[in-house]
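Welcome! Take a look at the structure first, and then we can walk through it together.

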Amino acid sequence: MKGAWLTDQGCVDFTSTFQVTRRLHDEQTAYQHLEIYESPRFGRMLVLDGAVQTTEGDEFVYHEMLAHPGLLTHPSPRRVLIIGGGDGGALEETLKHPIERATLVEIDEAVVRASRAYLDVIGGDAFDDPRTELIVGDGIAYVAAAEERFDVVLVDSTDPQGPAVGLFSPAFYAEIARRLTPDGVLIVQSGSAVYQQDLIAAVRRHLRPAFPTVRTYTATVLAYPGVVWSFTMGSLGRDPSDVPAEEIARRTQGFALRYYTARGHHAALDLPPYLDQALRAP
Ligand code: SAM
């Protein structure tokens with residue numbers, strides 16, 4: 001595929017384009033079109049329905065910022081639920097913490113299979129960790145039927161289309177709140193700060209009835225169209241802004257981190273006025 005280009009259509013008028021050298025895998029699964037590409041700048045890339053999900057080159061940014069702010073806002077998480085995340089990156093970051101168990105519920109087994117075959121640098125040994133429980137199934141049905149309680153829930157899903165639509169609904173967030181322990185925290189990937197501000201605002205609106213504290217923060221995910229990506233947290237307990245930097249430094253001692261830091265945690269929560277105002281707009 002010398003000189004080939006892959007275009008990720010972020011939205012109708014905004015794309016990002018990558019030079020790719022090889023397509024290593026191409027499969028129409030029961031849920032989506034799954035491809036794995038090789039690229040000079042980002043290494044191997046997981047692409048679902050034409051949208052870049054994760055790359056070897058920058059996965060650490062997205063996965064560290066999805067996992068650690070929530071796991072450190074909770075005073076001592078032991079039980080963690082990850083919905084989606086079949087590439088294993090969020091799971092790997094979660095297992096850096098002294099948790100007892102991480103349950104990952106991914107709807108498409110092909111994503112786990114292809115990620116383990118081609119992208120093992122992203123999940124590492126996380127799927128083989130004795131604390132990991134892998135469930136292939138719909139996260140919405142799993143949460144509705146679950147009897148267990150969780151300290152932290154991470155929703156590492158595709159954008160709101162197909163099986164992921166319900167993962168952005170007020171009913172789902174209310175169900176999650178019922179499954180959380182008293183200091184429980186929910187984090188969702190809430191889309192682009194450039195062209196999905198409506199989605200971020202909707203996620204915040206949908207979280208508020210069930211969560212006293214709702215916060216959005218951002219990170220620079222180079223392989224995503226527009227680069228500035230958002231995450232939104234619903235907390236039943238502590239406000240992420242109140243987590244002392246000293247505590248973050250102490251609890252992440254020895255962690256191999258390439259993006260997340262104690263100061264970065266607070267900086268990411270300090271939204272620039274343009275975005276803060278856009279998200280507060282009625
Ligand atoms: N980081 C990526 C992003 O922000 O776009 C997400 C990566 S992860 C691979 C997304 C996963 O969510 C996909 O593997 C998809 O199959 C899964 N997913 C979508 N809807 C789901 C559902 N209802 N339950 C469980 N997993 C779901």
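A polar contact here is a pair of N or O atoms within 3.5 Å. With that in mind, a nitrogen atom of the ligand is 3.0 Å from a polar backbone atom of Pro-163. Please remember that this is a predicted model.

- Tyr-224 contributes through its side chain, where a polar atom lies 2.8 Å from a nitrogen atom of the ligand.
- On its own the ligand would expose 600 Å², and the protein buries 99% of that.

**The surroundings of the ligand**
- The place to look for the ligand is the largest pocket, where it sits.
- The ligand is surrounded by 24 residues, and the closest are Gln-32, Glu-106, Asp-138, Gly-139 and Tyr-224.
- Sorted by class, this shell has 10 nonpolar, nine polar and five charged residues.
- Two strands, β5 (43-48) and β8 (101-106), each supply at least two residues of the shell.

**Salt bridges**
- Side chains of opposite charge can pair when their charged atoms come close.
- Across the whole structure, a search finds 19 salt bridges.
- One of them joins the side chains of Arg-113 and Glu-27, at 3.0 Å from N to O.
- Because Arg-113 lies in helix α3 (residues 109-118) and Glu-27 in strand β3 (residues 22-28), this pair ties together parts that are 86 residues apart in sequence.

Key:
Residues numbered from 1 in each chain as written. Predicted model: local features only at pLDDT ≥ 70, side-chain atom pairs only at ≥ 80, totals over all residues. Heavy atoms only, no water. Near = heavy atom within 4 Å. Polar contact = N/O pair within 3.5 Å; in protein donor to acceptor, adjacent residues only side chain to side chain. Areas by Shrake-Rupley, 256 points an atom, 1.4 Å probe, with all protein chains shown as cover. 1 Å grid on protein atoms, 1.4 Å probe; cavity = no way out; pocket = protein on both sides within 12 Å on 5 of 7 lines; lining within 4 Å. Sits in = over half its atoms within 2 Å of the grid points. Helix = DSSP H or I, 4+ residues; strand = E, 2+ residues; numbered from the N terminus. Nonpolar A, V, L, I, M, F, W, Y, C, P; charged D, E, K, R; others polar. Salt bridge = Lys/Arg side-chain N within 4 Å of Asp/Glu carboxyl O.
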